[in-house]
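I looked up charge pairs, ring pairs, a surface patch and a few distances.

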Amino acid sequence: MKRIVFLRWDAKWGDSIIFSLVVPELRKLGEGVSVEVIATPEMAPLFTEQLGVDRVHVIPKRPSGGKIRRLAASLGEVDLLVHFSELAKARDICLLGSVKARHVASLDDSVGLVDIKLGQATRGLHMEERYCELLKRCGIATPEKHYTVPRDAGSEQRVAAFLQQRPRPYVTINPFSKGGAKTFNVETTLALIERVEHMAAGHDICLLTVPGCERAVQAITAGWNPERCFLYPDTQSIYDNVALLAAAMAQLSSSTATVHIADGLGIPSFVLFPYGPGEMAAWHSVNSLSINLMGLPGEVDDVNRLDWEALDIQLQRFLDAALAPVAGLERQG
């Protein structure tokens, strides 16, 4: 195979970090292999400048049928077209049927155009394992599971200068995620901060923030201890949070984006999911020191519906392991 094209117009930062393991592995197929991605204009720079794909074919997130067919014509002949979602939408099927591809791989086994059916064969596995199964079908017997974490030199320098004012080691807490079901509310965030203060007496707490959440941040900071807690006031992009995570000892998070970033950086995570076994199975932290927990079931998914007694036991266990001196030395090495 020489040309492998991934359909990634639904790509987000978190799942793109896991996808990054695929690119260097496909290079093992030999010289002349071209790893290409179909993506939106917003995500294109991430793939070309940070994740090392050979080419991005840019298309709007919700393209018309005409644009899909024109893109397919411009692609020419492809050896392998990869659709890595469990449900093929109408636009996906339109593209799969329009591209001249020798093989089509997908997690949706029901699509007749697909000859490399990975849905049932990988059901219940973590997404990195599902990608590894694809790589095995391509002839790579023992794929390496190494994530590429995008970094920005300007963010790294600014965050490093800021952290000189905070010499104590710290744990990050990221309460923010896309969708209310996965976002810690103010009460949950403050309860977690209070527990980390008590359980990790030698560490500070850094709140990860995102633009647009100023009201929640103001409420959180009004209720915390400023001697132990801080945030980076100039956060403008995810690259600022990458730099903060890279200098942390551990993180608590509801967002799988920062979980996968932390996995790539070697930082253990305490991850809370809304109730959903399938979601947690596919997207949990794979760091050996991480702990992944689900919220309690209910009529509406909500990560804030928690068994606090059980959480306290697991959080203490996590912090004891993640903040142990030997664990810190291993991550530095």
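**Salt bridges**

I started with Asp-79 and Arg-102, whose side chains meet in a salt bridge at 2.9 Å, N to O. Asp-79 lies in strand S4 (residues 77–83) and Arg-102 in strand S5 (residues 100–106), so this pair ties together parts that are 23 residues apart in sequence. I took the term to mean a side-chain nitrogen of Lys or Arg within 4 Å of a carboxyl oxygen of Asp or Glu. Strands (E, at least two residues) and helices (H or I, at least four) are DSSP runs, numbered from the N terminus.

Before going on I noted the basis: this is a predicted model, in which local features need pLDDT of at least 70 and side-chain atom pairs count only at pLDDT 80 or more, while totals for chains, interfaces and linings use all residues. Residues are numbered from 1 along each chain as its sequence is written, and side-chain values use heavy atoms, with hydrogens and water left out.

The classes are buried under 20% relative accessible area, exposed over 50% and partly exposed in between (1.4 Å probe, protein chains only).

I then looked up Glu-129, which forms a salt bridge with Lys-145, the closest N and O atoms being 2.5 Å apart. Glu-129 is in helix H7 and Lys-145 in the loop between H7 and H8, so the two tie together parts 16 residues apart in sequence. Both residues are partly exposed by their values: Glu-129 has 28% relative accessible area, and Lys-145 has 44%.

The side chains of Glu-144 and Lys-28 also meet in a salt bridge, at 3.7 Å, N to O. Glu-144 lies in the loop between H7 and helix H8 (153–163), and Lys-28 in the loop between helix H2 (22–26) and strand S2 (34–39), so this pair ties together parts 116 residues apart in sequence. Lys-28 is partly exposed, with a relative accessible area of 46%.

I also found a network of salt bridges that links Arg-166, Arg-168, Asp-204 and Arg-228. How many salt bridges does the rule give? The count comes to 17.

**Aromatic pairs**

Next I looked at rings of Phe, Tyr and Trp (its six-membered ring), which pair if their centres lie within 6.5 Å; planes under 30 degrees apart count as stacked, over 60 as edge-to-face and the rest as tilted. I noted nine aromatic pairs by this rule.

Phe-19 and Tyr-131 are an edge-to-face pair, 6.1 Å centre to centre with 65 degrees between the planes. Phe-19 lies in helix H1 (residues 13–19) and Tyr-131 in helix H7 (residues 127–137), so the pair ties together parts 112 residues apart in sequence.

Phe-270 and Phe-318 form a tilted pair, with 5.6 Å between centres and 45 degrees between the planes. Phe-270 is in strand S11 (residues 269–273) and Phe-318 in helix H14 (residues 308–322), so parts 48 residues apart in sequence are tied together. Phe-270 is buried at 1% relative accessible area, and Phe-318 is buried at 1% too.

Which residues make up the aromatic cluster around Phe-19 and Tyr-131? I listed Phe-6, Phe-19, Phe-47, Phe-84 and Tyr-131 as one cluster.

**Distances**

I checked some C-alpha distances. Val-159 and Asn-241 are 82 residues apart in sequence and 9.0 Å apart in space. Val-159 lies in helix H8 and is buried, with 1% relative accessible area.

Ala-160 lies in helix H8 and counts as partly exposed at 40%. The C-alpha atoms of Ala-160 and Ala-243, 83 residues apart along the chain, are separated by 7.9 Å.

Thr-142 sits in the loop between H7 and H8 and counts as exposed at 65%. From Thr-142 to Phe-47, 95 residues apart in sequence, I noted 24 Å, C-alpha to C-alpha.
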